[in-house]
Amino acid sequence: MSDTPRVVRAIDVDISAAGRVSQAIEDLYDDTLDVVVVRRAFDAASLRAAGERLDRRDVDPGWARPNRRMPAEDIELLGTDAPATPTYEEPRGYSLDTYLDSAARHREGVQSAFAIDFDPAVEVPRVLGLFAGGRPVETARASDGRSYAPMTLRRLTDGKQIGPHHDYHFPLPLYRELAPQLDTQTLVSYVVTLRRPDAGGDLCVYAVTPQTPDAPKMPNGYSWDMQAVEARFHSVRITPDVGDLFLLASGRCLHRVDKIVGDTARVTLGGFLAFEAGRGRVVYWS
Ligand SMILES: O=C(O)CCC(=O)C(=O)O
């Protein structure tokens, strides 16, 4: 085994160079790449208009707040009120039926945030497909055909953040049907920026994996000791602009989102993706 310390391998490309990274999802899976930032991946004007609308405080399109009991992590979501991750409301994860029912009830929630000329159900798989090595990209489905939520809109306002975590959610109940169909070696996050905050909101990615020996934890044994993580491990900081996409090996690399500062919210659209077992297809959900 090599003694060379692990680093976060990140690349930053313009959409015009997407052809150079057409195998990015495979590279993320194969642990030869950790983050790819794709600048101008989506039409910035369409996303900016949606981001502005979603940052209005006088209209509530129905934001769900599954972390409301932890004010610093109180992310707002459209597209589901039972997300595919643990929340403070449901730390062990939602049941499969709760998750799928919520996805069905909130199906229109994401679409209706955009003007008629931008259909995220078409645009998201089209752009993800540019990095899938020619494989089809499809929304995840349970074995009875019910659809997982393809994507969620996320809003973080002043003082909110996403704390450090890995995303390896296959053991959760709602993956009971999905996980056996997938290559569960890792999980990849996809995130598109609709609105940039005045300050804060950067994505910070650390060369700390679930297998890193002696990863720094606080004396309580589960909270990350971020001062020690930042002192001892390589990291990258990413500031996405409106229209940019990033793909992150979020099952492997510890990551967090810096606290938002100021009146302008950080608004993103995102979810997860994975290879089907055998790598013939990419499936995505949120
Ligand atoms: O919003 C982001 O930049 C990252 C979201 C996140 O933590 C994830 O996708 O795992």
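A residue counts as near a molecule if its C-beta atom, placed from the backbone, lies within 6 Å of it. This is a predicted model: local features need pLDDT of at least 70, side-chain atom pairs count only at pLDDT 80 or more, and totals for chains, interfaces and linings use all residues. Numbering starts from 1 along each chain as its sequence is written.

So, the ligand. Around it sit Ile-162, Asp-167, Ser-189, Val-191, Leu-203, Ser-250, His-255, Val-257, Thr-268 and Gly-270. Strands E7 (188–195), E11 (254–257) and E12 each give two or more residues to that shell. Strands are DSSP runs of at least two residues, helices of at least four, numbered from the N terminus.

Next, the core. The largest nonpolar core has 77 residues. A nonpolar core joins buried Ala, Val, Leu, Ile, Met, Phe, Trp, Tyr and Cys through C-beta atoms within 7 Å. Buried means 20 or more other C-beta atoms within 10 Å of a residue's own; exposed means 12 or fewer. Val-188, Leu-273 and Tyr-284 are among the residues with the most contacts inside the core. Strand E12, residues 266–275, gives the largest share, 6 residues.

Last, helix H5, residues 120–129. Which residues are buried there? Pro-120, Val-124 and Leu-128. They lie on the same side of H5, because they cover an arc of only 50° around the axis, taken from the directions from the helix axis to the C-beta atoms. On the other side, Val-122 and Arg-126 are exposed. The cover over the buried residues includes E7 and E12.

Technical notes. Two residues are in contact if their C-beta atoms, placed from the backbone, lie within 7 Å.
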